[in-house]
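I opened this structure to look up a few things. My notes follow in the order I made them.

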Amino acid sequence: MMEIIKNYNGKELTLSVNGRIDTITSVEFDESIQDEYGNFNSLIIDFNDVNYISSAGLRVLISTGKKLEAEDIKMVILNVSDDIQKIFKLSGFDKIFEIQ
Amino acid sequence: MNSLKINPSVDQLHDVMNFIHEQVPNKDIKLDLVIEEIFVNIVNYSKADFVKINADYSDDSIMSIEFIDNGVEFNPLEQESPDFPDCIEEASVGGLGIFFVKNFADELSYDYIDGENHFKIIKSID
């Protein structure tokens, strides 16, 4: 249902997420980020192959964003589909995250 | 009309989504969101013994779904909209799930009948 590929370029971590981020898979999504804390100074989350996100997945993005903001670590979300962009807009996420 | 009766457990979410996907010809991300947020809300807060889902898809691309549970009386329609943050420090996702439901469904209704919550959703499918 969901797959995450991690790729380091120096201290920049790119997480490429594939599939659906729902109440069940968001646990794995959260853990895959938490496992890497301390190893990166810049985080890119590539949503190119994400076709669904629910409020549980948004909760992971908020908790991650808060933690990284406190440590002054940059986080960018890339390649968001039109459907997911609508969800981000409705949630106000387009204003609080850097989405490219 | 088709029905699914299950235990109120998050582990059942994918069975719920599969049941819904079997009813409609096209996947609709907004329908999925409505279903997941309502189901997870029941799982987390209702203390119900069961959740029953009735689903009916009509020829004019209208999906009608009813969630029935015997948990604590709760009308999601009375939940206030969340506050929208100006910055990440203020952000939270409390209430966001039900907010999605209200935004993405075409019609919603709630009744509490004989100790059961009945939440009806009507949504046109894209």
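Before starting, I wrote down one term: a crossing is left-handed if the near helix is turned anticlockwise from the far one by less than a right angle, and right-handed if clockwise. I also noted that the model is predicted.

**Entry: a helix pair in chain B.** I looked at α2(B), residues 29-45, and α3(B), residues 96-104. Their axes come within 9 Å and cross at roughly 140 degrees. α2(B) is therefore oblique to α3(B). I then checked the hand, and α2(B) passes α3(B) in a left-handed crossing. On the α2(B) side, I found B:Leu33, B:Val34 and B:Ile38 among the contact residues. On the α3(B) side, they include B:Ile98, B:Phe100 and B:Phe104. I sorted this contact by class and got eight nonpolar, two polar and two charged residues.

**Entry: the sheet in chain B.** I traced five strands in an open sheet, in the order β1-β2-β3-β5-β4, with antiparallel pairing. Which strands lie at the edges? They are β1 (2-6) and β4 (107-113) of chain B, and each pairs on one side only. Neighbouring strands are turned by 15 degrees against each other on average, direction ignored. I followed β4(B) to β5(B), residues 116-124, and their antiparallel pairing runs over seven bridges. One residue I looked up was B:Tyr112, whose bridge partner in β5(B) is B:Asn117.

**Entry: where the chains meet.** I found 18 residues of chain A in contact with 22 residues of chain B. α2(A) gives the most to the chain A side, with seven residues. That side divides into six nonpolar, six polar and six charged residues.

Key: Residues are numbered from 1 along each chain as its sequence is written. Chains are lettered from A and ligands numbered from 1 in the order in which they are written. This is a predicted model: local features need pLDDT of at least 70, side-chain atom pairs count only at pLDDT 80 or more; totals for chains, interfaces and linings use all residues. Two residues are in contact if their C-beta atoms, placed from the backbone, lie within 7 Å. Helices (H or I, at least four residues) and strands (E, at least two) are DSSP runs, numbered from the N terminus. Ala, Val, Leu, Ile, Met, Phe, Trp, Tyr, Cys and Pro count as nonpolar, Asp, Glu, Lys and Arg as charged, and the others, Gly among them, as polar. Axes are lines fitted to C-alpha atoms, for helices over the stretch in contact, and angles run from 0 to 180 degrees between N-to-C directions. Angles under 35 degrees count as roughly parallel, over 145 as roughly antiparallel, 65 to 115 as roughly perpendicular and the rest as oblique. Two strands pair if DSSP finds at least two bridges between them.
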